[in-house]
Amino acid sequence: MASSITTTLSDLPDVILSNICALVTDTRARNSLSLVSRKFLAFERSTRSHLTLRGNARDLHLLPGCFRSISHLDLSFLSPWGHSLLSSLPIDHQNLLALRLRLCFPSVDSLAVYSRSPTSLELLLPQWPRIRHVKLVRWHQRASQIPLGGDFVSIFEHCGGFLESLDLSAFYHWTEDLPPVLLRYADVAAKLTRLNLLTASFNEGYKSSEIVDITKACPNLRDFRVACTFDPRYLEFVGDETLSAVSTNCPKLTLLHMVDTASLTSPRAVPGNDGGDSAVTVGTLVEVFSALPSLEELVLDVGKNVKQSGVALEALNSKCKKLRALKLGQFHSVCSATEWRLEGVALCGGLQSLSIKNSSDLSDMGLVAIGRGCCKLSKFEIQGCENVTVKGVRTMVSLLRKTLTDVRISCCKNLDATASLKAVEPIYDRIKKLHIDCVWSSLEEGGGVEETSETNHDDDYERSQKRCKYSSDEALNGFCSEDRVWKKLEYLSLWISVGEFLTPLPMTGLDDCPNLEEIRIKIEGDCRGKRKPSEPELGLSCLALYPKLSKMQLDCGDTIGYALTAPPMQMDLSLWERFFLTGIGLLQECLTLRKLFIHGTAHEHFMNFLLRIPNLRDVQLREDYYPAPENDMSTEMRVGSCSRFEDQLNSRNIID
C-alpha cells in the first residue's frame with residue numbers, strides 16, 4: 001500500500017514563497033512567520049523592506065547582516081533617545097559604526113533619524129548616496145549656534161542626485177532655514193515630489209513669502225503639506241495671493257494640506273461665529289481648484305471663517321475629478337441643503353473620506369444631503385458642529401451603511417457619548433474605527449453615573465437592565481443595547497475631561513466588542529480648581545471587558561495642574577496621575593506586557609520596578625513634546641541611568 005504524501009506550504013517553489021513573504025506587511029505576522037522553519041526565516045529576512053531599530057546606539061556593532069533588502073530604515077528611536085547619534089563615542093568609532101550600518105543595510109533608500117545637530121546627517125548620509133527619502137526628527141529646540149540652513153545642507157549635498165522626499169513634520173526648526181537652502185540647491189529642489197512641513201512646533205508657521213519661495217523652488221511637488229497662519233492680524237499671513245501662487249507654481253499637486261498653526265496646537269478649539277473672517281475668498285478657491293486638476297486629497301483648515309464656501313466646493317467637484325479625501329476647517333455653507341437639492345460638498349460624489357470641522361451652520365439636513373450625494377464615503381469625521389443632532393448623523397450613517405466603516409464625532413454640543421453611539425448604531429455590525437467624546441450628560445440626567453460607578457456586578461440580569469435603561473428604545477429601533485455586538489470594531493478612540501470617570505462607558509452600549517484590539521484615551525483639562533474625585537480611579541478596569549485588547553495609549557499630555565504643593569482639598573499632578581493609572585493594576589502585574597513607551601521622564605527607581613514584568617522586552621523614555629527639556633533634572637532618568645536600565649532589561653531571558 002502506497003504511503004500517503006502530505007504537501008505543505010514549504011513545498012511551493014522558492015520564488016512563490018519569497019513573493020508570499022514579501023506581501024506580508026504586519027511586523028508581528030512576519031516575526032511569527034520566521035519561526036516556522038529555517039527556510040521561512042531566510043525568506044522573511046531576505047524580503048523585509050522596513051525596519052525600525054531600538055536599543056542603545058553603542059551596540060550597533062552587534063547588528064545581524066541578514067536584512068539585506070531593507071530599503072526603509074528608521075534610526076530615530078535609538079537610545080539614548082533625543083541625543084545625537086553616536087555622539088558619546090570617539091570619532092573613529094563613530095565612523096566604524098556608520099560603516100557597519102551600511103554593510104548591514106546596503107539597500108537603504110529611505111532614512112529617518114533624530115537629528116539633534118547636523119553631525120548625525122554628516123556621518124550617515126555618505127553611507128547611502130542613493131537615498132530618495134529623508135525624515136528628520138527633533139523635539140528639542142534648535143541650537144542657536146547652527147548656521148541658517150545648516151540642518152539641511154548635508155541632505156542636499158549628499159543626496160542631491162536622487163532625493164525625492166523630505167519630511168520635517170516632527171522636526172523642530174526655524175521657518176527661515178529651509179527657503180535659502182532650496183534656492184541654493186535649485187537643481188535638487190526641482191526634483192522633490194514630496195515635502196512635509198506640517199509641524200506643530202511653530203507659533204506662526206511658514207510666512208506667505210516663504211511658501212511662495214518654496215513652491216517656486218519645487219515646481220514638481222505632488223505632495224505638499226505646510227503649517228501656516230491664515231489670521232489676517234499677523235504679518236505675511238496666508239491669503240488669496242499665497243493660495244494662487246501654490247496652485248500656479250505646483251500644478252502637479254495630488255495632495256495639498258494647509259493647516260493653521262492654531263488648529264495644530266489646539267485641535268479641539270471651537271471658536272464660534274465671532275472668531276473672525278479669513279482673507280480667503282470663494283473666487284480664489286475656485287481658481288485654485290481649477291489649477292489643480294490632479295488633486296486627490298485636500299486639507300484646508302484655516303482657523304478663520306470662510307463664508308459662502310458652497311460655490312467653491314461645487315467647483316471642486318467639477319474641476320478635481322480625482323478627489324477622494326477632503327478636510328475643511330471653519331468653512332461655512334458647506335452644504336445648505338435647501339429644498340432637498342444637492343449642493344456644496346454633497347456634489348463631490350467621488351469622496352471616500354470627509355472631515356468637517358467647526359462649520360457653525362451645518363445642519364441635520366446638510367448631513368442628510370451629504371449621505372445622499374457622497375455615497376462612497378468610508379470615513380467621516382465631524383467636529384465642533386453645534387447644530388447637528390442624533391437624527392441627522394443617524395440618517396446620514398444609514399444612507400452610507402454599505403461603505404462607512406470609520407467615524408469620528410467630537411466637540412458637538414448635541415452629541416455626547418450616548419448620543420454618538422445611537423447615531424452610529426445603523427452600522428454597529430460594520431464599523432471598524434470609532435472616536436467619541438466621553439461626555440456623560442445623558443447618563444447624569446438619568447442618574448446613571450452613580451449607579452454604574454461600581455465595576456463588579458455579580459447580577460448579570462441587573463446589569464442588562466441598566467444597559468436597557470440608558471439606551472433609548474426609539475433610537476435603537478426597539479431593541480436593547482445588550483443585543484448589539486460590535487463584531488468588527490478594532491480601534492476605539494476616546495476623549496475625556498479631567499475629573500470625569502470612564503466607568504459609564506460599558507453602560508452606553510460599548511460593552512460587547514469581541515475584536516477590539518487598540519484603544520486610545522486622551523485626557524484633557526485643567527486639574528487646578530478640581531476637587532478630589534469621589535472615586536479612587538479613572539475606571540480603566542472597565543477595559544477588561546474587551547478580550548482582544550492588546551494595545552493602549554493613555555495620553556495625559558494636555559492636562560494642567562499643580563506640579564508641587566496643591567491648595568487644600570485639591571491634588572497635585574502626581575496624585576492625578578495615580579488617579580488616571582489606578583485600575584489597570586500595578587504595571588509590574590501586567591504579565592503579558594511586551595512594550596512600554598513613556599512619553600516624558602521618570603525616576604530611575606520607578607523604572608527598576610518594570611524589570612519584574614517577565615515578558616517586557618522594549619522600554620523607552622521619549623520626551624517627544626515641544627520643546628523637549630535640554631537637561632533632565634538630577635532626580636530623573638539621565639543617559640547613564642537609561643543605559644543601566646537597558647542593560648538589565650536586555651540581560652534577562654525572555655520566555656518566548
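Predicted model: local features only at pLDDT ≥ 70, side-chain atom pairs only at ≥ 80, totals over all residues.

User: Which residues are linked in a network of salt bridges?

Analyst: Residues are numbered from 1 along each chain as its sequence is written, and side-chain values use heavy atoms, with hydrogens and water left out. In general, side chains of opposite charge can pair when their charged atoms come close. A salt bridge here is a side-chain nitrogen of Lys or Arg within 4 Å of a carboxyl oxygen of Asp or Glu. Arg30, Glu44, Arg45 and Arg48 are linked in such a network, and the rule gives a count of 25 salt bridges.

User: Which salt bridge links distant parts of the chain?

Analyst: Lysine 522 and aspartate 558 meet through their side chains in a salt bridge of 2.6 Å, N to O. Lysine 522 belongs to strand β18 and aspartate 558 to strand β19 (residues 551–560), the two being 36 residues apart. Helices (H or I, at least four residues) and strands (E, at least two) are DSSP runs, numbered from the N terminus. Lysine 522 is partly exposed, with a relative accessible area of 23%, and aspartate 558 is partly exposed at 38%. Glutamate 518 also forms a salt bridge, with arginine 520, where the closest N and O atoms are 3.0 Å apart. Glutamate 518 counts as buried because its value is 17%, while arginine 520 is partly exposed at 32%.

User: How many residues of strand β10 are buried?

Analyst: In strand β10 (residues 255–260), 6 of its 6 residues are buried. Leu255, His257 and Val259 lie on one side, and Leu256, Met258 and Asp260 on the other.

User: Which strands pair with β10?

Analyst: Two strands pair if DSSP finds at least two bridges between them. Strand β9 (residues 223–228) runs parallel to β10 and is joined to it by 6 bridges; cysteine 228 has aspartate 260 as its bridge partner in β10. From β9 the chain crosses through helix α10 (residues 240–249) to β10 in a right-handed β-α-β crossover. Right-handed means that, with the strands pointing away from the viewer, the path from the first strand over the helix to the second runs clockwise. Strand β11 (residues 297–306) also pairs with β10 in the parallel sense, over 5 bridges. There, histidine 257 stands opposite valine 299.

User: Where does proline 506 lie?

Analyst: Proline 506 is in the loop between β17 (491–497) and β18 (518–526). Proline 506 counts as buried because its relative accessibility is 5%. The C-alpha atoms of proline 506 and leucine 543 are separated by 8.7 Å, although these residues are 37 residues apart along the chain.

Terms used. Buried < 20%, exposed > 50% of the residue type's maximum accessible area, 1.4 Å probe, protein only.
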